[in-house]
Amino acid sequence: MVIVFQSKPSILSSGVVVGPLEKRSVFQTYFDKISTDERLQKDSNEKGNAVLISDACQIILNKSNLKNLDIDYLLGGDLVNQMTPTNFAARELAVSFIGLFSACATSVSSIVIASLLTELGASDFSIAGASSQHNSVERQFRYPVDYGGQKPATAQWTVTAAGFVLVGKHQPKLPYVEAATIGKVIDYGATDPFHMGGAMAPAAFDTIQAHLKKRSQTIKDYDVIMTGDLGKIGLKILIAMFAQSGVKKEDLSRFRDAGAEFYGEDTAFLAGASGAGCSAAVYSGYMMEQFKSGRYKRVLLVATGALLSPLSFQQGESIPCTAHAIEIGMG
Amino acid sequence: MKEQQYNTLKDQITPKSPIAINCLKAFAVGGVICCVGQAISFFYMMFFDFTEKTVGNPTVATMVFIAMLLTGFGQYRKLGQFAGAGSAVPVTGFGNAVVSSAIEGKTEGLVLGVGSNMFKLAGSVILFGVVSAFFVTLIKLILVSVGVAAW
């Protein structure tokens with residue numbers, strides 16, 4: 001299950017584009033572009049989602065002085081049915097493209113595939129990442145945006161964001177992908193779509209355990225283990241699971257969650273942020289900067305995804321979840 | 001960790017819904033909405049030619065209209081998050097369900113979007129409302145015919 005990358009593919013650059021509400025994020029200084037319009041001046045939410053993606057890719061091209069023809073592969077996904085926003089953005093970019101769906105774990109699964117292609121020698125430059133747009137996700141998975149239903153304290157807020165990275169051959173002084181664990185699909189019978197953190201925590205636990213075991217590491221080997229969008233309550237549950245499994249109290253502070261921190265302590269967002277764009281934006285924006293500034297040397301990024309659809313929920317199915325991990329090092 | 005064990009742990013950490021406070025909020029906001037409705041029906045009876053029996057329709061229409069405006073300006077969902085059932089149960093909640101679905105469908109056009117989505121949430125309210133009204137009337141009809149009750 002654990003893939004070790006001998007060639008250590010580097011993360012050469014990143015591009016993060018977010019919506020207007022994400023200006024309230026504690027990570028906002030790490031975003032490349034904050035749009036003033038949630039639809040990015042398009043006439044539908046889904047079209048806006050596609051612009052998020054193409055803008056993020058364009059930022060990567062500009063930063064690295066590349067043209068779209070230099071890119072070998074685009075790998076990514078979003079949460080809209082059939083992933084049309086990513087498909088349509090790929091049409092604009094006009095490079096070889098595979099759409100990937102691991103729900104909110106796509107931010108990591110796409111980097112894993114890009115690293116594999118790089119390791120194989122099939123790719124010099126691959127763009128990988130994920131995105132989500134609040135309104136398009138809400139209308140599909142939950143209720144209309146303006147519907148006045150009361151959400152419980154466990155509910156999370158899908159972010160409008162796209163986070164993409166440029167993966168290429170190893171280069172010194174840049175963060176690189178050292179190893180990865182593709183997660184199993186774990187289902188502990190959770191059925192509440194307003195408590196995703198509770199549904200996804202066992203998947204994160206399983207993937208982290210598997211990664212540490214196969215790599216013969218402990219939590220102490222990492223500066224941070226950052227999950228994707230468990231949210232405030234999901235993160236608490238994950239930490240409690242590790243505490244019960246015998247992890248010392250001082251090591252538990254190494255667990256962080258992108259969704260739990262995304263909007264800070266703002267109670268309007270209940271248990272925090274979620275969505276494929278949440279972990280993608282934090283990983284590619286904030287986390288890559290932490291490596292470059294020398295704050296972190298080794299980090300485990302564990303993006304979590306709930307693999308449900310509105311239909312499966314209405315038919316009474318429980319929520320299967322997954323988590324994919326990449327171990328990022330520096331130097 | 002076993003599934004059973006995990007679910008116990010999850011339930012311990014997950015905060016419980018503050019039922020008492022939610023009930024109070026729902027009572028207060030629902031009460032205010034009903035008072036506004038009452039004021040509107042008094043207004044129609046005082047200034048127009050409506051009686052207590054006929055004032056229902058224009059009052060409901062006005063309340064739904066207000067809910068429509070609040071929904072369009074993005075305020076009803078904020079009220080809904082605070083009040084819960086207090087703003088969902090009155091007819092304004094029905095208006096909100098209809099209008100929010102209609103707004104959402106706008107990008108797919110008038111027929112396939114607005115038209116076919118408008119009653120996506122409220123459709124079941126209409127269906128089960130009509131069905132239960134039918135049965136209630138049927139029961140009353142039987143009671144009246146056997147002489148137990150009067151219209």
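A: In this predicted model, chain B is divided into domain 1, residues 18-120, and domain 2, residues 122-151. The centres of these two domains of chain B, taken over C-alpha atoms, are separated by 25 Å. Five residues from domain 1 of chain B and four residues from domain 2 of chain B take part in the contact between them. On the side of domain 1 of chain B that touches domain 2 of chain B, four residues are nonpolar, none is polar and one is charged.

Ser116(B) lies in helix H7 of chain B, which covers residues 110-117. Ser116(B) counts as partly exposed because it has 14 C-beta neighbours inside 10 Å, whereas a buried residue needs 20 or more. Along the sequence, Ser116(B) is 15 residues from Ser101(B), and their C-alpha atoms are 9.5 Å apart in space.

As regards confidence, chain B has an average pLDDT of 94, and 100% of its residues score at least 70. The model as a whole scores ipTM 0.89 and pTM 0.94.

Chain B also meets chain A: 29 residues of chain B are in contact with 25 residues of chain A. On the chain A side, the elements that give two or more residues are helix H5 (196-214) and helix H6 (231-244) of chain A. H6(A) gives the most, with six residues. By class, this side of chain A consists of eleven nonpolar, nine polar and five charged residues.

Chain A itself contains ten helices and 15 strands. Its radius of gyration is 18 Å, close to the 20 Å that the globule rule gives for 331 residues, so chain A is as compact as a globular protein of that length. The C-alpha trace of chain A spans about 50 × 50 × 35 Å along its principal axes. Of the 331 residues of chain A, 59% count as buried.

The close look now turns to a group of paired strands in chain A. Strand S2 of chain A, residues 10-18, is largely enclosed by the rest of the structure, because nine of its nine residues are buried. S2(A) runs antiparallel to strand S8 (residues 161-168) of chain A, and eight bridges join the two. Within this pairing, Ser14(A) has Val165(A) in S8(A) as its bridge partner. S2(A) also pairs with strand S3 (residues 33-34) of chain A, in the parallel sense, over two bridges; here Val18(A) is partnered by Ile34(A) in S3(A).

S8(A) pairs with S6(A) as well, in the antiparallel sense and over eight bridges. In that pairing, Phe125(A) has Gly168(A) in S8(A) as its bridge partner. Strand S6 of chain A, residues 125-132, is mostly covered, with eight of its eight residues buried. Phe125(A), Ile127(A), Gly129(A) and Ser131(A) point one way from S6(A), while Ser126(A), Ala128(A), Ala130(A) and Ser132(A) point the other way; all are buried. S6(A) also pairs with strand S4 (residues 73-77) of chain A, in the parallel sense, over five bridges. Leu75(A) stands opposite Ala128(A) in S6(A).

Note on methods:
Residues are numbered from 1 along each chain as its sequence is written. Chains are lettered from A and ligands numbered from 1 in the order in which they are written. This is a predicted model: local features need pLDDT of at least 70, side-chain atom pairs count only at pLDDT 80 or more; totals for chains, interfaces and linings use all residues. Two residues are in contact if their C-beta atoms, placed from the backbone, lie within 7 Å. Helices (H or I, at least four residues) and strands (E, at least two) are DSSP runs, numbered from the N terminus. Ala, Val, Leu, Ile, Met, Phe, Trp, Tyr, Cys and Pro count as nonpolar, Asp, Glu, Lys and Arg as charged, and the others, Gly among them, as polar. A residue is buried if 20 or more other C-beta atoms lie within 10 Å of its own, exposed if 12 or fewer, and partly exposed in between; C-beta atoms are placed from the backbone. The radius of gyration is taken over C-alpha atoms; the globule rule is 2.2 Å times the number of residues to the power 0.38. Two strands pair if DSSP finds at least two bridges between them. pLDDT is the predictor's confidence in each residue, from 0 to 100. Domain bounds come from an automatic or database domain assignment.
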